[in-house]
Structures are given as structure tokens and as C-alpha cells.
Amino acid sequence: MYEKLFQHAPIGMYQKALNGQFISANAAMASIFGYSSADEFLEAMNNSPDQYYLDEDDLNDIMTRLEETSLIENNETQALCSDNNIIWIQETIQRIDGDDINDPFIIGFVEDTSLTKSTEWALTEAQEKYRDIVDNSVEGFFQATANHQVIMTNISMAKMLGYNRPEELITHSNNILTDIFCYPSDKLRLDTILDNNTIATNFEVQVRRRDDSILWVSVNARAIRDASGKVILHEGSMFDITDKKQSENKVHQSLENFRTLLLDTAKSLAKTVEIRDMYTSGHQENVAELAGAIASTMGYDDDAIEGIRLAALLHDIGKTSIPAEFLCKQGTLDQFEMGLVREHPVTGYEILRNIPFPWPIATMVLQHHERLDGSGYPNGLHDEEILPESRILAVADVIEAMSSHRPYRPSLGLINALHEVKSNAGRLYDTQAVEAALQILGGADDSTNFQEILKRIASKNNEKNSTKPGPNPSTN
């Protein structure tokens, strides 16, 4: 029974005498070393002074150790096969003491571990290459635990943050949440992204250097999870983008300066209309305030509101081509005079169309007298053919004009003006713009002058701005 188990064991097994000579071996032992049978293996081994050991000192070392101890476990060494191929083996050897019947002997168990060794070498080589890439990368690499403790950085990361060596960084800035990120909320946002998506790319934040100066960096990171899926590490890279951010800020400031110049120019242009038409002085500013408030109530963002207010400031710029006596004429204009007045949207468009505004100002001005049913001028546009911004201008313009004095008529009153837009909402005027205007002007009556309305609008704008949260510099 023992002999059968010995011969058919899946691992190599052998017996040796205390002098090191082989007594027996199984088929698996022969196969490991490239022999066709156990007999062939035994013959070869007993004719070789070093047997299968590649290092000539291994055999003597093993025999010496067996004299001192009866068991050698998991001894790893290199061995030579029949075809001179070199393999790695793991060998467990035990000395069995004899008795009155049996002489003492040595029993051994051998496994070919070449594949495991190759895998270990490959992994070690890959790790060394990865570490070499990390250590020599221009980007800063880091690893941090789920509770924000920094456990690894490279030299680039250390120098980026003002340290000479990675060890200094880990010692002095051990907590990436509080010691490195300027705003802990940014790190928590990054953690949320990694927890939900595993990977985060181009995450731009501000970090603090050793001397408390600030850098902008772009972070690419991933979450490392254990077998249960729990996040145990965050690892990633940081790249200094401070110069890029500073350039962006300069471009942004230049654009802001250009926008300010455009607005100042627009206001100067608007003044030319008032100089020629004293009766409508303040009309464009009033329309601008009301149109901006309507747009805000409708949910437009601040940039779009600014464009609508600017268009309102310039909506009558085309009247500069109309003779002043027509603009100031008391009484009804004749057909020719009215035709000339109705050309002012086209003239305004021609004046403004080549100015590089960041909004379609010229088109807004061209369409501010258009009506949804096509009865407006100059082009008789319908519904969606009219810009939404132009529809807002139309409502604000009508309310202001009807509630103000004109050379040819006294004020028609705010109540009549509101009735006009309300009764024609959806036919002449945009329904949402009318509803927003009614919401803004609720409670007003004919005794309310437009200056009081503007004060109410300004008060609402101030209230809105005071409730806005302050900006987080890292999100700008």
C-alpha cells in the first residue's frame, strides 16, 4: 500500500541513505527532472557527485544540516534537469531514525516552483519598473489611506510642495486633507468622486506648500479597493498648473476689461439718443432695469441678464438718424414721419452689428418691436422667429413707454400699461415675460412712478445678491 502511494504521489518523492545515495524515487520525481522513468533518474543521480543540485555546495550543506536537525522544510534552490535546463525547486527533507529492523534513511519531497518564481520575478520587475517610473516622473505621485494619511509620495511631489525628500513631506504633511489641500471640502469632493466612480481625472484644486504659498494642481486619481469592495487607498498624481491658471486669469481679466469697455461705449452711445430726444430721457435706462428684472424672474443667468440690459440700453440707438423735430413733435406723426420712425430698429442694427458683443445685441435691437402674431415691425416676424431676449425687451419697452409722458400724449398710466401686456399675452407679447412683469409690478398703481419701481427692483436685486453664498476660490 505504501509503495503504491509512493509511486503515484503527485509530487516528487525519494529515499536516500545517510551517505546521500538514492535508494528509490517515484515517477513524479523523475518527471520533474526530465527523465522517462524512476530507474533512469536513479542511475543518473547516483552517477553524479552533485546529483541534481546546480550549486555544488548544496548537497554537502544539506547533509551537514541533517546531522544537526532531522527536518529541513521548504528549502529553495536551483536544480539541473536532464537536458541541462535549470529549474527552481522547493524541497522538504527529513531524516528518519532507524530501529532494530530498519536502517536510518532520508526521505524527501520535491516540487517544481519555476512558474511561481517566474511570476514573482515578473512581479518584482514590474514593481521595480513602476517605482522607477514613479520616482523619475515629473508629476507628483501619492498614496493616501481612506482616512487621508499620506503613506507614499515621490520626489517630484515632495519638491513641488517645497520638501527635499518624500520622507520630509510624509513627516510634516501627513494628512492630505488638512495639510496639503487648501480647502478640505475639495478633498472630500474628490473622495466622493472616487468612492462613486473609482477614477477622477483633471480635478483642479489648490494645494499648500511648506512655506504656505499656494499652487494650483490638476489631480488624476483612483480608488484601491479590497476584496469586499471597500476603498482602502487613494493613489494618483498631481501636476502643477499654476502658470496655466495665472494665464487663464489674465485672459479672463482682459475679457472683463474688454467687456467693461464695451459697456461703457454702449452707455455713451445710449446717451446720444437722450441728448437728441429730451422727452424720452431715461427711457432706455428704465427699460434696461425692468428688462433685467423680468429676465431674472424668468430664471436667466447673470451673464444673459447683462446682455439683455445692454440691449435695452441701446434699443433706441437707431433714433439718432431721425430728425429731432420728428422725435419732439407734439401731436400725431404723419405717414411719412411714422415710416421714418419705424426704421429705427434697422438703423440700430446697422450701427451695432459689427461690434463684437458677447451677446446678439444687434439682433435683439432689430427685433424689439416685433410681435408674436406678425403684426410688429420691421420684418413681421412670428413667435419663435423672435429671440426670447427681444420678447422680453418688447414687454419692458411697452410698459415703460405707456406709463411715461410723450410729446404727443400724456402718460397712459401704469395700470393701462399692465392691462395692455396682460390682455395681449400670447398674441402680441411673450406670456412668460408678461407674467414675470406682473409679478415684479404687483401692487403698483397709477400713482406709482417709474423711479419707485426702479427702487423696488434694485432692492430685490440687492436682496438676491446678499443671499448668494461666497465663492470658493478653488472652484473659480
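A: Helix α11 (residues 283-297) packs with helix α19 (residues 431-440) at an angle of about 105°, and their axes are 9 Å apart. The model is a predicted one, in which local features need pLDDT of at least 70 and side-chain atom pairs count only at pLDDT 80 or more, while totals for chains, interfaces and linings use all residues. Residues are numbered from 1 along each chain as its sequence is written, and side-chain values use heavy atoms, with hydrogens and water left out.

Some terms are needed at once. Helices (H or I, at least four residues) and strands (E, at least two) are DSSP runs, numbered from the N terminus. Axes are lines fitted to C-alpha atoms, for helices over the stretch in contact, and angles run from 0 to 180 degrees between N-to-C directions.

On this basis α11 and α19 are roughly perpendicular to each other (65 to 115 degrees; under 35 is roughly parallel, over 145 roughly antiparallel and the rest oblique). The contact (heavy atoms within 4.5 Å) brings A293, I294 and T297 of α11 against A433, A436, A437, Q439 and I440 of α19. By class, the residues of this contact are 6 nonpolar and 2 polar, with no charged ones (Ala, Val, Leu, Ile, Met, Phe, Trp, Tyr, Cys and Pro count as nonpolar, Asp, Glu, Lys and Arg as charged, and the others, Gly among them, as polar).

The strands come next. An open sheet is built from 5 strands in the order β2-β1-β5-β4-β3, with antiparallel pairing (two strands pair if DSSP finds at least two bridges between them). At its edges stand β2 (22-25) and β3, each with a single partner strand, so one side of each has no neighbour in the sheet. From one strand to the next, the twist averages 25°. Helix α4 (residues 56-68) packs on this sheet, where it touches β1, β3, β4 and β5, and its direction makes about 170° with that of β3.

Within this sheet, strand β1 (residues 12-16) and β2 pair in the antiparallel sense over 3 bridges. Q15 stands opposite S24 in β2, and the bridge partner of K16 in β2 is F22. β1 and β2 form a hairpin with 5 residues between them, and G20 in the turn has a positive phi of about 95°. The hairpin of β3 and β4 has 5 residues between the strands, and N84 in its turn has a positive phi of about 70°. β4 is also joined by 8 bridges to β5 (residues 105-112), and these two strands run antiparallel; E91 stands opposite V110 in β5.

A further open sheet has 5 strands in the order β7-β6-β10-β9-β8, again with antiparallel pairing. Its edge strands are β7 (150-153) and β8 (199-208), each of which pairs on one side only. The twist of this sheet averages 30° from one strand to the next. Strand β6 (residues 140-145) pairs with β7 in the antiparallel sense over 3 bridges, and Q143 has M152 in β7 as its bridge partner. Helix α9 (residues 184-197) lies across β8, β9 (214-225) and β10 (231-240), running at about 165° to β8.

The loops complete the picture. In the loop between α3 (38-46) and α4 is Q51, which has a positive phi near 55° although it is not a glycine. At 9% relative accessibility, Q51 counts as buried (under 20% relative accessible area, with exposed over 50% and partly exposed in between, for a 1.4 Å probe and protein chains only). The loop between α16 and α17 holds D383, another residue other than glycine with a positive phi, of about 35°. D383 counts as partly exposed, at 40% relative accessibility. P378 also has its place in the loop between α16 (361-366) and α17, and a cis peptide bond with omega of about 15° joins Y377 to P378.
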